[in-house]
Structure formats: C-alpha cells, structure tokens
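Take a look at the model below. This report walks through a few of its parts.

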Amino acid sequence: MTDLLEPRAIGQGLVRRDGELKVRGTATYAVETPVENPAYCHPVQATVARGRVTAMDTAAATALDGVLAVLTPFDAERLASTEDAEYAVLQSDEVAFRGQLIGVVIAETSEVARQAADSVRVTYDEQEHDAELAVDHPGLYKPEKVNAGHETDTAEGDVAAAMATPQRDGGVTLERTYSTAMYHNNPLEPHATTALWDADAQFLTLWDSTQGVHPDRAAVCEVFGLEQEQVRVVCPYVGGGFGSKGTPHANVMLAVMAARALPGRPVKLALTRQQMFFLAGYRTPTIQQMQLAADRRGRLQAIAIDVVEQTSRIKEFAEQTGVPARMMYASPNRRSTHRLAALDVPVPSWMRAPGECPGMFGPEVAMDELAEELGLDPVELRVRNEPEVDPETGKPWSSRNLVRCLREGAERFGWAERPRGRREGDWLVGYGVASSVYPTMRQATSTANLRYADGRYVAEIGAADLGTGAWTILPQITADALGVDVGDVDVRIGDTQYPTASVAGGSSGTNTWGSALVVAARAFRDKFGGSPDDGDEISGDVDQAAKDDAHAPYAFGAQFVEARVNADTGEIRVPRLLGVFGVGRVINPRTARSQLIGGMTMGLSMALHENSVWDPRIGQVANHDLAEYHITVNADVGEIEAVWLDEHDPYVNAMGSKGIGEIGITGTAAAVVNAVHAATGVRVRDLPVTLDKVLPGLP
Amino acid sequence: MKPFAYAHPGDVAEAVRDVAAEPNAVFLAGGTNLVDHLRLGVARPDLVVDVRTLTSREITDLDDGGLRLGAASTNSEVAADRRVRERYPVLAQALLAGATGQLRNMATTGGNPLQRTRCPYFQDVTTPCNKRQPGTGCSAVGGYTRYHAILGTPGALPDPTAPETCIATHPSDMAVALTALDAQVHTLGPAGVRTVPFVDLHRLPGDDPSKDTVLEHGELITAIDLPPLPAGARSAYRKVRDRASYAFALVSVAAVVHDGDVRIALGGVAHKPWRATRAEEILRGGPLTDHAVRAAMDAELAVAQPQPGVEGGNGFKIPLAARTVAATVRTLTEEQS
Ligand SMILES: Cc1cc2nc3c(=O)[nH]c(=O)nc-3n(C[C@H](O)[C@H](O)[C@H](O)COP(=O)(O)OP(=O)(O)OC[C@H]3O[C@@H](n4cnc5c(N)ncnc54)[C@H](O)[C@@H]3O)c2cc1C
Ligand code: SF4
C-alpha cells in the first residue's frame, strides 16, 4: 500500500507546455537541430532478400561533386561489438533481408547524397530466400522467452479433455484461427539523427529521435566501444514513436559511423518513409489458433491460444501475443504457446502494446463467437468469466474494474437496444464489444534530480515526451509531491546530461519517472523543509519508491463500436467508438484523453486499414509509403469517446496511475470485427476487415 | 534522384519546341505526381519544362452550351465552379473524391489525366516493371494486385516476363468522369494542334505498356472541353475505396442518365478509364432497374479476368463493379422519379 499523493495539480487538464512551440513549428526535432555546416547521409540498401554482396562499384558516386565519403561493408570501420546483428551495420557482406543497410553516402547536400546512393552499383551472389510465414512453416521453433520476459508456453489443467467433454450438457466448444497483419509504426517524424564526432575530445553528440536517451546511448556505447562519458544524446521532442523508437535501429548506428568518418562535421541522416518499412521495426503478423470450451451458462472450461509469428533470421523478437489470454478470464484449463519462424525479413520490434494489441484480437473475437453460439449477450459472457484473482499468478488484483467498464459502457452506448442486422437505408448496422487490458509496469531504473534555484523547483530526468504529455504531467506530479504550485516547477527531460531514465515504453514512463520524482520531492522536503535555500539539491531513485509484489496490477477497459456496412459495396464505416477504462488515477485528463482516443483510433486503423502487404516473392512490403499503406484518416473517425472510471489503486505507485499510452489500442479491432459481424452476419477472422471480405455475405 | 535542367519558357509553342527537341524532357504542371517520381527515380528526365503558367487557367462557356477547362485550371477550381457543379456534377464529385484539398489546389486539368499508375512495383525502382523500364518484366503479376486491372488484360496471370505484360490501372478519378462525359482534349504538339476524344486518350498496354496515352512526345494538353449534356440528364460519381478519404479507387463509377439512356465509365479496373459500352448498349431504351443494370454489367464483365496474388488477388472487383454501377444508377433514377 502506498500513500497516494494528495491531488492538487494532478487531475487538472493543463495545456501542454510544449504545445505552443509545436503549433508554431519552432520545437526542433532531431534532424532540424541547428548545427554548423552539416553534411547529409543517404543509405544504400540491399535489393535482394538473401545473399552476399560481391562487389560495390562506388566510382560514379565518389565522382559526383559534393560527395564527401562513401562507406561500404568493404571499408567501413570495424565495430567494437557485433553481437546485436541488427546494429552490426556494414560489418559483413552478408545480406539477411531486402532493404538491409549495405552502405551510406555522405555529401554536402541531401540531394547529392541521394543521387550518389542511387548510383552505387551492387552485385550480389543471390541465394534463395524464405520470407513467408505459414502456420505450418517447417522451421517453427520455440523461443526461450517471449518479449518482456514472459514464459513462452504455459499450461494448466487439461484443455484437450475439456474440449472433448462439455457438449454433453449443452456446453459449447469453439476452435478458430485468427490472424493479424504486419503493421508498421509509422510515426509522423521519421527516424532521424544529427551526429557529431569530436575526434580530439573523443566525444560523440547525438541529436536523435528516440523514446529514451539513456537506452539509446547505452546501445551506441556498446556497439562502438565507447564509455558513457563519451556520448551525449539529446532529444527534447519526438514526433511520435509508437515503440519504433524504443530501441535504436540500424539507422542510428549508420549515422554514428558516418559522423566518425567525418570528424568535426555534423552529419544528418533521416530515413525516408519508404526506408522506414525496412529499417525501423514493425509488428509481426500473427496467426492465433484459439480453443474455447464453455458450459451451458457460459462459464469457460478451457481457453487456449497457440500463436505462430515471425522474427528475423538475424535477431529474435518474440511478440508476446498469447500473454493477455492467460489472465483475462477465469478458466480451470488453460494453455498458451508461441512458435516463431525466423525468416529473411526485416527485424520486428516493439509497436504500441506489443503482445496485448494482437493478443486481444483473436481471444476477443472468439468470445463474441462463443456468446453467439451460447445465445448469450457478449457483455454478459465476459461478466460471467470474471476471475477473482489473477488466474496466472493467483495474486489478487491491485484493482480490476472490467465489469464496471463493460456495464458503464453498455449503458452509455445503448447496448441493450443494439441492432442486429438492422438496415438503415443503404447501410447495415451492428454493434460490437470487446475488452481491453494492459499491464501496469514500472521500470527498475530512473533517477530524478531536484534543485531549488531562483525561487523555482527544477527537476531533471532523462525522460522522453513522444507527444504524450510528459513535459506537462511530470511537473504536475512533482508539484503535488512537493506541495507547491505547478507553475513553480520545471521538469527538464530528453538529455543524457540529466539523470538516467528508463525508456518511454510499456506505458511505464509516468509510473517510473513519476515515482522517481516523488521520491526526490519527498526527500527534498524531508531534508530542506518548506523554505529551501537557493541551490538546495537532492536526487531520488525509483527503487526507493514503495513497491508492491503482492498484487497483479493491470488496467482494464471495454470498447463499444457501431459499424455500418454499405449493402451495395461493403464499405465499412464506424460512426461511433466508445472506450471506458479503469486506468487508475488520471494525471491530466487532456493528455490522457488524447492518449486513449489516439490508441483507439490506431486500433480502428488496425481493424479496417493498416496492412503492410507482404510480397514474399521479393521479401518486402509492397505498399511501402503512406499513400498506399493506409492509416485511418479523419473521415474514418466519427464520434469517438474515451471515459474513465474513478479508480483508486493504492498498490501501483504514489500517483495511483496505471499507464494509458497503450491500453486504448487493445481490443478495438475485435470490437470492430464483432460489430461488422452483427451488421452483416459475416465473421472476418483475418485483419484487416475490408469490403472484399464482407462482399460475399451481402444481400 | 538525378539532376535535371529546368526551363520556364515564355509560351506554349516554345514549351512544345523545348520538349520535342529533347528526347528525355517532360512537362511540369502542378507537380504533384511528377515531383514524387523525380524523387523516387521513377522519372529521370534531363529537362523539365514548366508549363503551369503557360496554358489557360480559365473555365469558359462554349457556344454549344459546353464548358472549356483550361489545362492550368486546378482540380479545386474546377470542382468549385458553379457551372461544373450544376451541369456536370459527376465531374465535381470525381474531383472531390480524389487526393486531398492541398493536392487538388496544385493539381491541374492537364496533369490529372496524365498522372501515372500507382502500381507499387512501378513506383519502386528496385522491382522489374515493363511500364517504367520496358522489357524488364512485370512484378505485379502474382504479387499485390488489389489495385490492378480486371479488364483489358491479356488474361489472368499473364506471363510476367513478357515485355508486353502490364496489369496496371489508371488511377485518376477525374479521367473516369471525363470519359463518361465524352470530353474532348485539345493539344498542341510538334505537328500542330489536334483534338482527341477523351475516350481515346488513354490506351490499353498493347505491346508497349510504357505508353499510357496516345499523346506524342512533346504534345501538350491545352484545354479539355465538356460537351453539353441533354436537358434533364443526371450524373454522379461513386468511388469505392479502402478508407473514407485519401485513397485511390478500388472501383469507381461515373454514370450519366438521360431518358432511359445511360453512360457508364469505370475506374480502377483497367489500364484506362473503362467505358462500359457493352452494358450501355444492352440498357439503351430499357428500364434501368437494379436487375437490368446488374445483368448488363454481368455481360460487360463477362470478359473480366481476376488477377490472383497475395491477399486474395482482385477477383472481388468483378461483383463490386457490377454492384457499384447498379447503386449509382439507382440513385440517379430514384432522384429522377
Ligand atoms: C498522396 C496522393 C494521393 C492522391 N490521390 C488521388 C486520388 O484519390 N484520385 C486521383 O485522381 N488522383 C489522386 N492523386 C493524384 C493527383 O490527382 C495527381 O497527382 C494530379 O492530378 C496531377 O496533376 P499535376 O498538375 O500535379 O501534374 P504533374 O505532376 O505536374 O504532371 C503529371 C504528368 O502529366 C504531365 N503533364 C502535366 N501537364 C501536362 C500538359 N498540360 N500536357 C501534357 N502533359 C502534361 C507531366 O509531364 C507528368 O507526366 C493523388 C496524389 C497524391 C500524391
Ligand atoms: S502492372 Fe504494369 S506498372 Fe505494374 S509492375 Fe507490371 S508492368 Fe509495371
């Protein structure tokens, strides 16, 4: 149990402190950093999916006016560590996926760099590639662990036996396969770096677009064999990341390499949108084989999910897709497995709610199918399977308000009067529901420094604001912990000159950095009292914050969707989307709402539009730009509402906050699929739900 | 990306001379398509001749009751023109269904019909493409064909290595409306002026997929005429796409209905805007019931060839085209009664 902060600034919808700078366009992003006499980089990418580079003819490139250097695997600096194959840029002639970095041109202008990169002639010894995921791929293997340290497989009871028995007494079993597509994070700001290597001082400065300056620095130090003191990473603003800037990608290493090839001269490297589809991470496609058994009254007797997904041949990323099904609902018999195919494909990585996002698709559609088979209200079916304690660990919940979210949402949405296949003019109308979940996390390291100077409290912590609101809400937390007006507090973030902070990922930023700030603030008050002197200073560490291991901390939610399907063309529209969440205490309703509806919009996007169309013949995403890779646009979003319950959770942290960056994207796609089914009777099990998939079922 | 010379001549005649004299020269209008292609290396001209301010930007009444659209009039201006909205709603609707406000402010009457296919393999210089680089083959066959043709192709799964294979579609919405309106294209070329019926402007791939249209090198579009529609004619454009805005058509329909007669043009189904002449003939004079229209479209689409490929190919376009035509005609006839 933690004493929650007395909320004074917390709970206020303060406007974003960085808002005006961004609206005016004066907030500087990594590649815009004003530096003297910059040079520009343009990467050279492999055009085969597997093989060896046998030769690179760079003569035409080097001959161009304005070209400063061309680096290739044959002449690039040897890295200190090549353990992480994604980062081992230009270290070998081996090509492990199409689009892989095999060179870089550094030139006086970005145009010349691009022209020169285009003129590099590469010859390959091409080998047959294997780039197609299949449920029966012969190379499927069991990873040691899946992302975030979860067990790869879990089992309790006997699913097979339960699947074989319940029909006798009016129970139901269900076996279905669902799939989610490949997705690319596509933040608006591309992955970009300005890098300066001072050879005399042996010092590297990076202005990099990252979700964590300290983790970014650690990776660079490892790869280049530098000490932390030799590297500074600066990143005040991030134009979105959605996980793709959570760990650095190869482009950062290439930028550093380019800077070291041109000591004293700042170099800039911004990926093009097309390049981001090869180099900046993505969410693996998933295949989810579900089994459910329930008794006549809808109580689950078995729940199983067997997941097949992909990773790259050179680096493993095992999306924890089966994890949420382990704890959502009570069932005596449970199983989850993950199998991976390591393919000649780009390296997958984090994308908003890794695990929970794809993993709340199959199970939440399966629950809808089960409700239908049982003739039960899908809201009611979920309520009947509410577990008293975490089925996985047996621990009590820190707080779990799924049922309240479902009931409150049903009430607000008009669920009781839901249409079933109702036709309104040319449109078929249906409602759908699904649950949302996201674990409440706090990272183990983060330190905040707090100082009293010139009548203001100034905190420093190397945190990141991805457009999420950290610049604004960290002062709110600090002010309440100090018991002062929020206007008297500054919190500086986004620089390795400030104390170490964890990555902005896993919806853990506020929980982690906020906890460190609270520790610092309380220590400050203890030491210096209410009227400190100029220069009084103290630091606080997250590991000094109260920690509770006795409870299972999760945020929950319920999403409701109205879908309209055109009876002639199958076009799908979603005029209404409602999410009701139990996310602990909300620090700032303005930024929170934007996170939640942003997540829901991205979930809608996943349901209807997003799809990195993979062409296995050549091993690349065919639709690799934003004209063809569709992201939901304004016209696709009708009424969208996120509300939250008044939730008091004394176990999570001093703020009582659970993290809100990711839960909004979980469950949305299932709710959309369920609504489309209610409208048309067509059950789409493979995302995205597009008109061609519903067309055959239309009148 | 490759450096090029940029010219901004004084008049159209000089512009035509400039381009005609340089085999690797192109006209530039709004640049919303060409500049992308310059960046991507899809277009690699030595000379870019800017004609944006050389042709007329006016929209003028013609003596026969039609309208003349100067080649430099923007998509936004044409869509907003009161005469266009009243007399040719199909065109205003088609324009507004395309791209975005910002793009339409730049895009021109001359440039829009000459925009090139969105085939992703055409736009990616690392994949073989007969249209971009004649003779290299067609990467789309058996690949991502959702936005590709079902009509006017040599068959389902044509030989991807054959130099004539191309299953691309023409992406313009405006062009579909102009096809249904029987528009006329005025050009000035090295050989002088001529008028080309819009339905004949675009071509099927034939044996040379690199050529989208019948225009000669150096032939400039100066204006497009809209002939008058008979009194009482109704027209509409219906675009079916993967999201509500800012997406190219999977299938689109431009329809003009008058006295039991109907003109139908389809977008998203062929290398050119597809005039459904067969369906039009069947429907001529008859009642335009849902059933009749669908049956006529079934006849029109009898020769359609679905392209297989990743994500299930594009066979869905066959029923979708028939349904969308029926729905569009229905709204026009319902309006009428
Ligand atoms: C993201 C995006 C989405 C889009 N969505 C749509 C859509 O949904 N529907 C749609 O229809 N369009 C869409 N477009 C395409 C847009 O409509 C075209 O790019 C535009 O109409 C082209 O006109 P422009 O004047 O800019 O042509 P330019 O780019 O200047 O030129 C295009 C071509 O025409 C040639 N040309 C230009 N003018 C003349 C002339 N007078 N005579 C002879 N040749 C000439 C040029 O040489 C070039 O080859 C989209 C474009 C983008 C970038
Ligand atoms: S369909 Fe046409 S444009 Fe596309 S790859 Fe084939 S030849 Fe090129």
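Helices and strands are DSSP runs, numbered from the N terminus, and a strand has at least two residues. The model is predicted.

**A strand residue.** Val643(A) is found in strand β29 of chain A, which covers residues 637–644. Is Val643(A) buried or exposed? Buried means under 20% relative accessible area. Val643(A) has a relative accessible area of 13%, so Val643(A) is buried. Leaving out residues up to four places away in sequence, Val643(A) touches Arg412(A), Leu578(A), Gly579(A), Val580(A) and Phe581(A). Gly462(A) is 181 residues from Val643(A) along the chain, and their C-alpha atoms are separated by 31 Å.

**Nonpolar cores.** In soluble globular proteins, nonpolar side chains tend to be buried together. The largest nonpolar core here has 156 residues. Leu370(A) is one of the members that touch the most others. Beyond its neighbours within four places in sequence, Leu370(A) contacts residues including Val172(A), Leu292(A) and Leu381(A). A second, separate core has 90 residues, among them Ala96(A) and Met276(A).

**Two packed helices.** Helices α10(A) and α16(A) pack against each other. Their crossing is right-handed.

| Helix pair, chain A | Residues | Angle | Axis distance |
|---|---|---|---|
| α10 and α16 | 362–374 and 668–680 | about 30° | 8 Å |

On the α10(A) side, Glu364(A), Val365(A), Asp368(A) and Glu372(A) take part. They meet Ala670(A), Val673(A), Asn674(A) and His677(A) of α16(A). This contact has three nonpolar, two polar and three charged residues.

**A ligand.** How many residues surround ligand 2? There are 15, and Cys119(B), Cys129(B), Cys138(B), Cys166(B) and Ile167(B) are the closest. The shell has nine nonpolar residues, five polar and one charged.

Technical notes: Residues are numbered from 1 along each chain as its sequence is written. Chains are lettered from A and ligands numbered from 1 in the order in which they are written. This is a predicted model: local features need pLDDT of at least 70, side-chain atom pairs count only at pLDDT 80 or more; totals for chains, interfaces and linings use all residues. Side-chain values use heavy atoms; hydrogens and water are left out. A residue is near a molecule or strand if one of its heavy atoms lies within 4 Å of it. Ala, Val, Leu, Ile, Met, Phe, Trp, Tyr, Cys and Pro count as nonpolar, Asp, Glu, Lys and Arg as charged, and the others, Gly among them, as polar. Axes are lines fitted to C-alpha atoms, for helices over the stretch in contact, and angles run from 0 to 180 degrees between N-to-C directions. Helices (H or I, at least four residues) and strands (E, at least two) are DSSP runs, numbered from the N terminus. A crossing is left-handed if the near helix is turned anticlockwise from the far one by less than a right angle, and right-handed if clockwise. Contact means heavy atoms within 4.5 Å. A nonpolar core is a set of buried Ala, Val, Leu, Ile, Met, Phe, Trp, Tyr and Cys residues joined through side-chain atoms within 4.5 Å. Buried means under 20% relative accessible area, exposed over 50%, partly exposed in between (1.4 Å probe, protein chains only).
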